Amino acid sequence: PENHEDEEGPPFGPAPRRFPQTLAYEPASADPRQQTVNDHLERFVRAAARLRLEAYSGAPAVVTMDQASTALTARAEAPSSRRRAATAIQDALARQLEGRKAAVDLLSPLLDRALPSPSSLDFEKDDATNGHVDFVTAAANLRALNYGLPPVDPIEVRRLAGRIIPAMITTTAAVSALACLEALKLRLGAGLDLHRNAFVNLALPFFAFARPAPAPTRRGPQGFGKFNLWDKILVQETEKMAKRGGISVRRLLRQVRKSRREKEGGPAWNVGSLSWGSRILYADFLHGEDAELLETSLWDVARDAMLEEDEEEFRDDREEEEGNGPLTEEEREALVKDLGRRKFVDLMASAVDQESGEEVELPPVRVVRWKKES
């Protein structure tokens, strides 16, 4: 759905993603884009009807653009009546298959009785008369129009099909199988030494496997140990914290400090800063003694920091909007609502070593909201 939200809360649809648009057949429209849609819908119905007829009858068939247009027009004029839309093209085909009444009966889209299994048709891209490339072209172009992409011609489809068919049955199958094997190892908890990187070139042919190298590690402050780019410090908000308005900054700092130590009584370190994107939520040299901020909910601190940012950082990517004025009340409400929908936030953190005074990067801190189990 257009209003679907991803796991972090924001809508799934905005750029660079494209939300598909519904295509409708409107024969009376004079709009050039709609006429293009009509043309490709007619080509799709023509090609699909022909292949369906041949699959059930086992004999070559011909479907004209006029017949496809008649079927689509009937459906557009009476969308609640499937019989008129479906039988318009069937009647025209029946005249071509005179003497093959059984085949016509099998083609009945009304499904008055169970249909037997159709015969298979082998795709052949180099035969311009069999309608196979026409069907693929029509289907691909309708999909392109759904997403606002330019259509392609049958020559381009035939060129791409020549490359895709071998890949579909060879490289794609090999890569999919190898990826599934690695996913199975991961699910079973296999160690890194049991995983493999695969290097495949079917044209040579060449297959090689190697043990993956461990992710590069960084050293945190004294007493924290090493970590890699996949590590995260996970802080889970509790129900008690949520009832108080959310986890406080002080509690969050305490949880981060307790997250990992090489040994008890090791060198101590403090959280130097917490930032969310370009917004600094906490800095030790600014807020270390700020009792009011330390007792404030993280979500309130994030909201205030977000609203204080320049409008250009948060305005939707809409080309028609210009200017860098202050946030409107509607935009402020939208930003607050967006934050409220988030299931978690990822914060960048740094630590200050109490002995050396150096500031060292920590793994990202993921704060997960408490959610009542349904």
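Q: How many salt bridges does a search of the whole structure find?
A: The search finds 13 of them. Keep in mind that this is a predicted model.

Q: OK, what does Glu-182 form a salt bridge with?
A: Its partner is Lys-185, and the closest N and O atoms are 3.0 Å apart.

Q: How exposed is Lys-185?
A: Lys-185 is partly exposed, at a relative accessible area of 23%.

Q: What about Glu-361, which residue does it form a salt bridge with?
A: Glu-361 goes with Arg-218, again with a closest N and O distance of 3.0 Å. Glu-361 sits in strand β9 (residues 359-361) and Arg-218 in strand β3 (residues 217-219), so the pair ties together parts that are 143 residues apart in sequence.

Q: Which side chain does Arg-366 meet in a salt bridge?
A: That of Asp-346, at 2.8 Å from N to O. Arg-366 belongs to strand β10 and Asp-346 to strand β8 (residues 344-353), so this pair ties together parts that are 20 residues apart in sequence. Arg-366 has 22% relative accessibility, so it counts as partly exposed. Asp-346, at 28%, counts as partly exposed as well.

Q: Which residues are linked in a network of salt bridges?
A: Asp-300, Arg-303 and Asp-304 are linked that way.

Q: Switching to confidence. What's the mean pLDDT of the chain?
A: The mean is 79, with 76% of the residues reaching 70 or more.

Q: Where is confidence lowest, and where is it highest?
A: The lowest is helix α13 (residues 311-314), with a mean of 48, and the highest is strand β10 (residues 365-368), at 93. Over residues 316-323 the pLDDT is below 50, and that stretch has six contacts in the model beyond near neighbours in sequence. Where pLDDT is low, the predicted coordinates should not be read in detail.

Q: Helices next. Which residues are buried in α9?
A: In helix α9 (residues 249-258), the buried ones are Val-249, Leu-252, Leu-253 and Val-256. Looking down the axis of α9, these buried residues fall within an arc of 100°, so they line one face of the helix.

Q: And α5, what span should its 15 residues have?
A: At 1.5 Å a residue, helix α5 (residues 132-146) should span 21 Å, and the end C-alpha atoms are 22 Å apart, which agrees.

Q: Which residues of α5 are buried?
A: His-132, Val-133, Thr-137, Ala-138, Asn-141, Leu-142, Ala-144, Leu-145 and Asn-146.

Q: Last topic, strands. How many bridges join β1 to β2?
A: Five bridges join strand β1 (residues 197-201) to strand β2 (residues 206-210), and the two run antiparallel. They form a hairpin, with four residues between them.

Q: Which residue in β2 is the bridge partner of Asn-197?
A: Asn-197 has Ala-210 as its bridge partner there.

Technical notes
Residues numbered from 1 in each chain as written. Predicted model: local features only at pLDDT ≥ 70, side-chain atom pairs only at ≥ 80, totals over all residues. Heavy atoms only, no water. Pairing = 2+ DSSP bridges. Expected span 1.5 Å × (residues − 1). Buried < 20%, exposed > 50% of the residue type's maximum accessible area, 1.4 Å probe, protein only. pLDDT = per-residue confidence, 0-100. Contact = heavy atoms within 4.5 Å. Salt bridge = Lys/Arg side-chain N within 4 Å of Asp/Glu carboxyl O. Arc of directions from axis to C-beta.
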